[in-house]
Amino acid sequence: MNRAAWIGLVLCVGCSPEPEAVGQPATCLSPSVAPPADHPRAEALQHAIDAAVQDGIPGVVVAISDPDGTWEGSAGMADLGRQTPMRTCHRTRIASVTKTFIAVAVLQLVDEGVVSLDDTVADWLPEVADALPNARQVTVRQLLDHTSGVYNFLDVQFVLDLFNRPTRTWTVQEGIDRALGKDASFAPGTDWSYSNTNYLLLGRILEAAAGQPHATVLRDRLLDPLDLTDTTYAEDRFRFDGVVHGYFDLMGDHVLVDSTDTYANSVVGADGGMVSSARDLLVFGTALFAEGTLLSEALVAELQPTVETGYDDFPRYGLGVELWDEGGIQAVGHGGHEFGYRTWLYHFEESDLTFVLWMNASSLQPTEDNIGAVVERHRRRVRDAALGLGATE
């Protein structure tokens, strides 16, 4: 999220004018792996992602792992201006899926007795004790599950600033500073409200507890041990090599703006600053949800979504993970939404399916008149293809 140069490029999928080549090209850091053609749902999955592209989504990547094996596929374009075909090895901005990585790193320190879920913000960050309301009451657990009441820096005014000044860059510290001194949304532990500030503070707590930058903590504890060579994170750094171009429905009219170097690049931090590939997300999700190798059994149980959110699509939230529930189809994981990027990482326990899907298009809110509605419709169709269900509208 660092809004660098405004790119005056308006893209209309499937019509003129032709997109221009701008910014860095989208390239793969590691080679694509040919998907096994004998997976029983390979044809249905490829058909589903091809249909999404035909319906106006620039590019789609999916990866699954279940008792029938592992499969990954791609469709569309990673860069419309250069007409670069999307490949499964391409990387995307995973936005709030980053929160699950941060939560696991924190919980590993809890497993080791370095941090307690009952520790307060003031215990670890005394420098904010007087400026952050309830800092002496808000616990690590409440930051993880969004029951802290800490003010969300990503408020309406901030979003308006993003739209009005897309070349402006905000740092993580500025994001935290926006929340300091603001009234709490509610008393700690009495309600639920999604706050990106919670995870900016958790990044700082990781640093205080480990004595090193939290990007290093993530690398040493998760990225290197799992061989996640396509996954990169550094606070306040936006540009990474090879990331696909993102396309944002700015005006809600299906006209897509290349948002790769604007809008999607301010306050890049522990709330959503990672880039990754479908393969890496699949490895991480499988280790966490299917194999249970990243945390002790007791902490895996603590992780589970139990707090009521009031939202229909994810009715409960846990420690960096949400319960995804649509029509009785349930999964545990996290979604990510950035300007021009949508990502989902979920595990369907009933079918032992780990599911990764991402698309390089989004709108601020999905309505019947913008690209967000197309994204949501095809997300459900790809999910159903992965589960072997009939297509949904």
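How are helix 1 and helix 11 oriented to each other, roughly parallel or roughly antiparallel? In this predicted model, the axes of the two helices cross at roughly 175°, and helix 1 and helix 11 are therefore roughly antiparallel, since an angle over 145 degrees falls in that class.

**Helix 1 and helix 11**

- Two packed helices are described by the angle between their axes and the distance between the axes.
- Helix 1 spans residues 42-54 and helix 11 spans residues 371-387, and their axes come within 8 Å.
- From helix 1, the residues in contact are A44, L45, A48, I49, A51 and A52, which meet H378, R381, V382, A385 and A386 of helix 11.
- By class, this contact comprises nine nonpolar residues, one polar residue and one charged residue.

**Residue N370**

- N370 lies in the loop between strand 15 (361-362) and helix 11.
- With a relative accessibility of 5%, N370 counts as buried because the value is under 20%.
- The side chains of N370 and S363 are joined by a polar contact of 3.1 Å.
- Leaving aside residues up to four places away in sequence, N370 touches D249, G252, H254, S363 and Q365.

**Helix 8**

- Helix 8 (residues 214-223) has seven of its 10 residues buried, so it is largely enclosed by the rest of the structure.
- Its buried residues are H214, A215, T216, V217, L218, L222 and L223.
- The cover over these buried residues of helix 8 includes helix 2 (98-111), helix 7 (196-210) and helix 9 (278-291).

Technical notes: Residues are numbered from 1 along each chain as its sequence is written. This is a predicted model: local features need pLDDT of at least 70, side-chain atom pairs count only at pLDDT 80 or more; totals for chains, interfaces and linings use all residues. Side-chain values use heavy atoms; hydrogens and water are left out. Axes are lines fitted to C-alpha atoms, for helices over the stretch in contact, and angles run from 0 to 180 degrees between N-to-C directions. Helices (H or I, at least four residues) and strands (E, at least two) are DSSP runs, numbered from the N terminus. Angles under 35 degrees count as roughly parallel, over 145 as roughly antiparallel, 65 to 115 as roughly perpendicular and the rest as oblique. Contact means heavy atoms within 4.5 Å. Ala, Val, Leu, Ile, Met, Phe, Trp, Tyr, Cys and Pro count as nonpolar, Asp, Glu, Lys and Arg as charged, and the others, Gly among them, as polar. Buried means under 20% relative accessible area, exposed over 50%, partly exposed in between (1.4 Å probe, protein chains only). A polar contact is a pair of N or O atoms within 3.5 Å; within protein, one must be able to donate a hydrogen and the other to accept it, and residues adjacent in sequence count only if both atoms are side-chain atoms.
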